[in-house]
2 protein chains.
Amino acid sequence: MSFPALLTDLYQLTMAQAYFELDMHETAVFELFVRKLPGTRRFLVAAGLEQVIDYIEQLRFTSEDIEFLSALGTFRAPFLRYLQSVRFTGSVHAMAEGTPFFTDEPIIRVTGPILEAQLLESRILNIAHFQSLIASKAARCVLAAGGRRLVDFGLRRAHEADAGILAARAAYLAGFDATATVESGRRFGIALSGTLAHSFIEAHDSEEQAFRNFVKASSGATTLLVDTYDTERAVQRVIDIERELAPRDAVHRVQAIRIDSGDLAAQARSARRMLDAAHRGDLKIVLSGGLDEHSIEALVRDGVPVDIFGVGTSLDTSSDVPALDMAYKLQEYAGKPRRKQSVGKATWPGAKQVYRQRDDARRAALDRICLADEPAGGEPLLREVLRAGKRLAPLPTLSEIRDYCRREVVALPPDLHRLEAGDSAYPVQISDAVRKLAAGFDAALGSGRRGRPICPGEQRARKNRDC
Amino acid sequence: MSFPALLTDLYQLTMAQAYFELDMHETAVFELFVRKLPGTRRFLVAAGLEQVIDYIEQLRFTSEDIEFLSALGTFRAPFLRYLQSVRFTGSVHAMAEGTPFFTDEPIIRVTGPILEAQLLESRILNIAHFQSLIASKAARCVLAAGGRRLVDFGLRRAHEADAGILAARAAYLAGFDATATVESGRRFGIALSGTLAHSFIEAHDSEEQAFRNFVKASSGATTLLVDTYDTERAVQRVIDIERELAPRDAVHRVQAIRIDSGDLAAQARSARRMLDAAHRGDLKIVLSGGLDEHSIEALVRDGVPVDIFGVGTSLDTSSDVPALDMAYKLQEYAGKPRRKQSVGKATWPGAKQVYRQRDDARRAALDRICLADEPAGGEPLLREVLRAGKRLAPLPTLSEIRDYCRREVVALPPDLHRLEAGDSAYPVQISDAVRKLAAGFDAALGSGRRGRPICPGEQRARKNRDC
């Protein structure tokens, strides 16, 4: 990946200039968190940390960047000179990729001179938001598929190149088995999957000729697409071709059929019956075409014979929830707590840690959001990964993250494994020390907004609620 | 932009190998179109052609690409040697960027040797789908804003880097005025906008000090954010600071205030009253925070005093419709029509042209989808833009596209300017010649799917409908 420094919002640079000119260089603490889980997400999965750390380590303004900024007329020479050599010199604490997380829990905490830490906001959000969004969606597909294989087919309707490439990574770490996106296979070592499209069949004057030709031209086992014209006729053709080939050809074989349209359940059942009757129980069935976690769950629940699901648009765009309410907020500056009091957007101040408590079966039972320096029990979820601008140790490999994610999702309370909408039952407590810090801040500022205590999640309609 | 050749689905390459080994090199025609407009889109806006053409002209497999493919074990040496020198040698016809389009209308038609034209599928879709998606969403915001300025704020929750960069382009061509994304300003010459975030206010011990500091450190007119703690108090502070500065300082001025949370209408009204009472009618009001075309329309309809809208997540993710049912389908091969008959995914065969007929006021009245070589009336919307692999002429500039798009959207029937869901009333006719070609194809293949005529848009539930 490349990380252009100008891939940011203009205000990060105007603020940076102000901090520079005002000589404000004290330490700031920013935290990245989700304000509220979408109704249809009972948990989210943290992802994208590796690219966030790459970005932070590589952040540089080139001379072309500086020239462009200079031409805008908004920035003055001393600041632009400073910008040319600016590096991030602070530290980052973060949840490991693959960790399930909840409302208000910081997943990344950035500590450093305010100018440097502020500069990172737009791109950190842009990276971590997208991969967490997709990993959270993918984890639901994995739960729905009940052990059947899942393949990412989403490149074509992913939101441009990077989304296609990184959706494959996020889906894989949350338990997908493969992707059709070749570039993702190259960059991340993810297994690749894919054989032919309808156009190959249509380019031939008959489906039978198309099947024979594709098997002949393939090296190794292949998957044939059977829904271009008439699925049952196509399945019969596959059986006939295989019967002819079987004794003579160990290399050119059909390993699976794919159905991509129409009534997937009915076609899969009929195909399975035909294949089994022809003693081809080994031939697998791939289903695709507008699938999401709900249709996958229904197919599995109804006992439809299916071995592999291809999931495209709904996965790569997280189509039911295409964005999370994720924010990167200042929580401390110059040793003092800071918070936003805006209606519906208030935040918990202070540098924080999340402790996960487990029951005897090591199942997650309770999270507590505490101050970072508060003595607290349980397992701290944020660990220092970068100090003085450099990563402390290599991050886990993608396959380590995938194993960890699978274990952690399984270890959630079973109620959180359900797909339908509903308030998450998972308890997240805010420690007394955090609440006290918020109250103290409000008092110091002039006793809160018109004297009322301000708490995150406050809405206009329930503005008198205590927190 | 860079265009890695491996940013494609694996099956494009396995099919290419099959075409290569089978010596199938005849001319294919593929078309890119949307199968069905989403209920909440009465029209779509074509966008992304410039990046599609860049991609086609620049498509190259590097030796690293070939090495990676070779290591997969799926591809044989003669094909890989061929791939290393493959270029697209065919032609492209396309609707100009900014053209409103409808169901079944091809917006890009690719003609060339089947292997080359097939290879382009995934990335052409990936590029044109995203920008058309965002331009279509942006056009709705522009209609809603009734002439007020619109700024793209969406980078942070756009789906990774490219989506953020290109959403700004697509929004601008559909009528947005500026973006906060600096990289988009650099690449596309789009005006930039942005001043400060809540964190700047919070980093100060008082809001008043923050305002004074920001105005002091800014060069030129600035926008102050007034909703961090208490909007009315903040507006009063802005008025007081401005009053002090006014006689002495022509450079450091506040030009606008921004409100980003809570009840935007009530706060904007109260702010406007306070500003006007202080004789600061010139000071503009910017509203942002979770806006989309519906909330913009409501604010405008209710006469809320607002000059500029900042639109973020809903724009950059097209949150209500995060994907279009866009496809790239084989319509002709070796001079013969081709079509997919799959339930719900059948296509109209043949190389096609779209003619737009206008009424006396030059308002769009009717589109006809005809065969490309059929004599037909009206204005042909697809023009040849690339021949023998090279663009024929420079494409329009972004600002030319923007002017054209604005004219064309205004020239749509007024009913199409409404934002609420509803079947588009715009008439799109399929020519008799296209219908005849489809019927002839079905007959030749064995009289359609079990003897029924197949028409695009056919659903399981209405499978006996004629078309």
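**Briefing: helix packing, chain contact, domains and a sheet**

In chain B, B:Phe130, B:Gln131, B:Ile134, B:Ala135 and B:Ala138 of α6(B) meet B:Ala163, B:Leu166, B:Ala167, B:Arg169, B:Ala170, B:Ala171 and B:Leu173 of α7(B); a contact here means C-beta atoms, placed from the backbone, within 7 Å. The model is predicted: local features need pLDDT of at least 70, side-chain atom pairs count only at pLDDT 80 or more, and totals for chains, interfaces and linings use all residues. Residues are numbered from 1 along each chain as its sequence is written, and chains are lettered from A and ligands numbered from 1 in the order in which they are written.

**Helices α6 and α7 of chain B**
- Helix α6 (residues 121-145) and helix α7 (residues 160-173) of chain B have axes 8 Å apart and pack at about 50 degrees.
- At that angle α6(B) is oblique to α7(B) (under 35 degrees is roughly parallel, over 145 roughly antiparallel, 65 to 115 roughly perpendicular, and the rest oblique).

**Contact between the chains**
- Chain B and chain A each put 87 residues into their contact.
- On the chain B side, helix α1 (residues 10-21) gives the most, with 8 residues (helices are DSSP runs of H or I, at least four residues; strands are E, at least two, and both are numbered from the N terminus).
- That side of chain B has 38 nonpolar, 28 polar and 21 charged residues.

**Domains of chain A**
- Chain A is divided into domain 1 (10-134 + 321-462) and domain 2 (140-316), with bounds from an automatic or database domain assignment.
- The domain centres, taken over C-alpha atoms, are separated by 39 Å.
- Domain 1 of chain A brings 14 residues to the contact and domain 2 of chain A brings 20 residues.
- α15(A) gives the most to the domain 1 side, with 5 residues.

**A sheet in chain A**
- Four strands form an open sheet with mixed pairing, in the order β16-β14-β15-β19 (chain A) (strands pair if DSSP finds at least two bridges between them).
- β16 (379-380) and β19 (428-430) of chain A stand at the edges with a single partner strand each, so one side of each has no neighbour in the sheet.
- Strand β14 (residues 352-358) of chain A pairs with β16(A) in the antiparallel sense over 2 bridges, and A:Tyr355 has A:Pro380 in β16(A) as its bridge partner.

Terms used: Two residues are in contact if their C-beta atoms, placed from the backbone, lie within 7 Å. Ala, Val, Leu, Ile, Met, Phe, Trp, Tyr, Cys and Pro count as nonpolar, Asp, Glu, Lys and Arg as charged, and the others, Gly among them, as polar. Axes are lines fitted to C-alpha atoms, for helices over the stretch in contact, and angles run from 0 to 180 degrees between N-to-C directions.
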